[in-house]
Amino acid sequence: MEDHGYVGDQRGGALVRRDGSIPWLCLPRFDSAAVFTSLLGTEQHGFWQIAPTMLMDGIAVPASGRQYAGDSLILQTAWSWGSDSAVVSDFMVPGGGAPRLVRVVTGLSGTMTMRSLLRARPDYGSTVPRITKVDRLHAIDLPEGDGGRLWLDADTPVHLEWADLVSDFTVTAGQTVAFALSWREGVDIPPPRPIDDGLLKFTLDFWEAWAARCTYTGPDREAVVRSLLTLGALIYAPTGAIVAAPTTSLPEEIGGVRNYDYRYAWLRDGALTAGVLRKYGYLREAIAWACWAIQASHSETGRRQIMYGVGGETELPEMELGWLPGYERSAPVRIGNAAADQLQVDIYGELAIEFYDLIQADSSSARRLGPVIVALAEELEQVWDQPDSGIWEIRGPARHFTHSKIMGWATIDRAIRTIEAGHADWPLERWRTLRATIHAEVCENGFDDDLNSFTQSYGSKQLDASLLHALLSGFLPADDKRVIGTVEAIQRGLTTDDGLVLRYRTAGHDIGLDGFPGNEGRFLLCSGWLVEGLVLIGRPDDARTVLDSLLAIRTGLGLLAEEYDPRTGRQVGNFPQGFSHVGHLGATAAIAGLNAFSTLRLSGAGS
């Protein structure tokens with residue numbers, strides 16, 4: 001995955017390989033059926049490559065460099081061959097209008113001969129579409145149910161070769177040739193619109209203005225801004241939802257079966273993402289997410305789900321796509337996510353904490369968020385003592401996870417604080433009693449004296465990095481021996497030689513806690529949590545060492561997948577992963593403290 005860059009428009013996203021090909025694209029939404037799916041299969045499952053002709057003919061012409069243009073999501077791939085050179089700028093156009101992927105080829109020197117080969121295979125590579133030419137445009141029909149058409153426009157002649165759209169062209173110094181692939185609902189012909197650098201400038205200005213709102217002024221600011229831009233591109237702007245990642249089924253272990261669809265909006269992931277966005281000055285986005293979360297998860301009957309579609313959809317049936325062999329033969333390829341139906345008690349805590357913190361950042365939101373925090377506590381009251389599937393969404397037997405219980409405590413704690421501040425009404429004594437009951441139970445059943453640490457679940461001897469996150473909730477004072485013991489136990493027991501952190505120990509070939517065999521890489525969010533935990537107990541130098549280890553394994557473009565495999569030196573899991581960038585940003589904020597933030601700008605964030 002380290003060979004890929006990411007471009008997006010806050011509606012959908014695409015991955016761009018170092019060889020100039022796009023093997024993954026979903027239009028018009030993150031969770032739409034992919035039209036390029038060679039990432040999870042072969043070239044027959046769809047891609048779009050723009051590269052020097054020599055590369056297409058099998059002559060190795062590696063890209064001479066790749067970078068994002070400024071603080072943006074415009075990915076530039078440069079090519080050189082002797083005295084000839086050109087650059088391809090790939091981007092998706094944010095804002096309103098039809099979702100559009102644009103590729104602009106610019107000559108830098110000499111004369112570069114290029115080829116564009118677009119092989120659209122809608123519905124995850126399962127369909128060879130009908131393609132018709134309308135004036136200079138080519139219309140690509142999508143299967144019934146997906147709705148709409150794709151339209152290819154180009155500054156240069158394009159011809160049809162069987163079911164591929166091909167263009168051979170040259171660029172000289174200063175000359176540009178542009179292509180645009182747009183999605184439009186229905187089959188109407190789009191209005192004529194020239195492809196020019198106006199779209200590129202608009203996109204550059206959009207993202208640079210977004211990045212300029214960052215209030216952080218401390219060390220590694222360039223890395224911070226790149227993580228913020230990545231998170232910004234995981235926002236679904238029409239609703240405010242935030243997806244966990246823009247991909248599905250990229251394996252946690254190459255050749256393994258731990259392959260899931262992350263193109264949905266988890267309440268937990270969204271809360272943690274909104275929290276770091278808020279810290280770095282993006283209060284408007286955090287509030288937009290909160291409004292979406294309240295609307296999407298409101299239910300008159302029963303408990304709320306743990307995830308939804310970006311439009312608030314509740315039905316996310318999981319199925320396997322048998323025609324796709326998977327990324328590097330890592331099968332099955334799954335779409336949908338069965339975890340949507342699980343009980344995960346911790347989500348109430350993550351939501352309550354973020355809603356409470358939003359009230360502290362923006363007092364005008366108290367009137368709406370206060371009653372919601374109380375509603376979360378009412379719902380938590382009914383389920384806190386049940387075994388659940390936990391933060392890691394295990395597919396084995398439910399357990400009494402310690403992280404879930406502490407997050408249950410946090411739900412009641414934030415509700416009590418909200419009521420005490422006058423933002424909601426509820427009989428306080430009942431919940432003060434419940435808060436004390438949960439606290440006592442966790443300390444009795446979730447702490448192991450021999451390990452001097454809280455454990456993964458009641459009665460377990462296993463460590464779990466999620467405990468680091470739980471203890472950031474204020475469950476115990478930072479100088480409590482049980483907090484210090486837990487942080488140090490996880491540092492000893494789950495930190496590996498490369499300085500990164502496992503979320504828990506897997507069972508190898510046996511069926512593990514999560515219901516599957518096999519291993520996984522270092523779960524990068526957990527390294528960020530360890531940094532925060534070390535800062536919490538007064539060990540900032542050790543925390544900085546862990547953060548440096550996390551920064552060291554970013555791709556050359558500053559991106560992080562879900563996990564990292566040190567045996568192969570590769571990033572694994574869905575990519576780019578919001579959680580991993582949340583971990584990086586949370587760790588940086590913890591080390592830097594408030595002194596690294598512009599408080600003047602922070603006070604006006606989102607205005």
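This is a predicted model: local features need pLDDT of at least 70, side-chain atom pairs count only at pLDDT 80 or more; totals for chains, interfaces and linings use all residues.
Local features here need pLDDT of at least 70, side-chain atom pairs count only at pLDDT 80 or more, and totals for linings use all residues. Residues are numbered from 1 along each chain as its sequence is written, and side-chain values use heavy atoms, with hydrogens and water left out.

Select T411 to begin. T411 sits in helix α9, residues 402-420 (a helix is a DSSP run of H or I, at least four residues, numbered from the N terminus). T411 has a relative accessible area of 0% and is therefore buried (under 20%, 1.4 Å probe, protein chains only).

Next, show what T411 touches: Y348, G349, A352, L376, A377 and L380, leaving aside residues up to four places away in sequence (contact means heavy atoms within 4.5 Å). At Y348, look for the backbone oxygen, which lies 3.4 Å from a polar atom of the T411 side chain.

Now turn to the cavities. The whole structure holds 2 cavities of 30 Å³ or more (on a 1 Å grid over the protein atoms alone, a cavity is a set of points where a 1.4 Å probe fits but cannot get out; lining residues have an atom within 4 Å of a point). A volume is the space filled by probe spheres set on the points, which are joined across faces, edges and corners.

For the largest, select Y262, W392, E393, R503 and E562, which lie nearest its centre among 22 lining residues. The volume of the largest cavity is about 280 Å³.

Key. Helices (H or I, at least four residues) and strands (E, at least two) are DSSP runs, numbered from the N terminus. Buried means under 20% relative accessible area, exposed over 50%, partly exposed in between (1.4 Å probe, protein chains only). A polar contact is a pair of N or O atoms within 3.5 Å; within protein, one must be able to donate a hydrogen and the other to accept it, and residues adjacent in sequence count only if both atoms are side-chain atoms. On a 1 Å grid over the protein atoms alone, a cavity is a set of points where a 1.4 Å probe fits but cannot get out, and a pocket is an open set with protein on both sides within 12 Å along at least five of seven lines; lining residues have an atom within 4 Å of a point.
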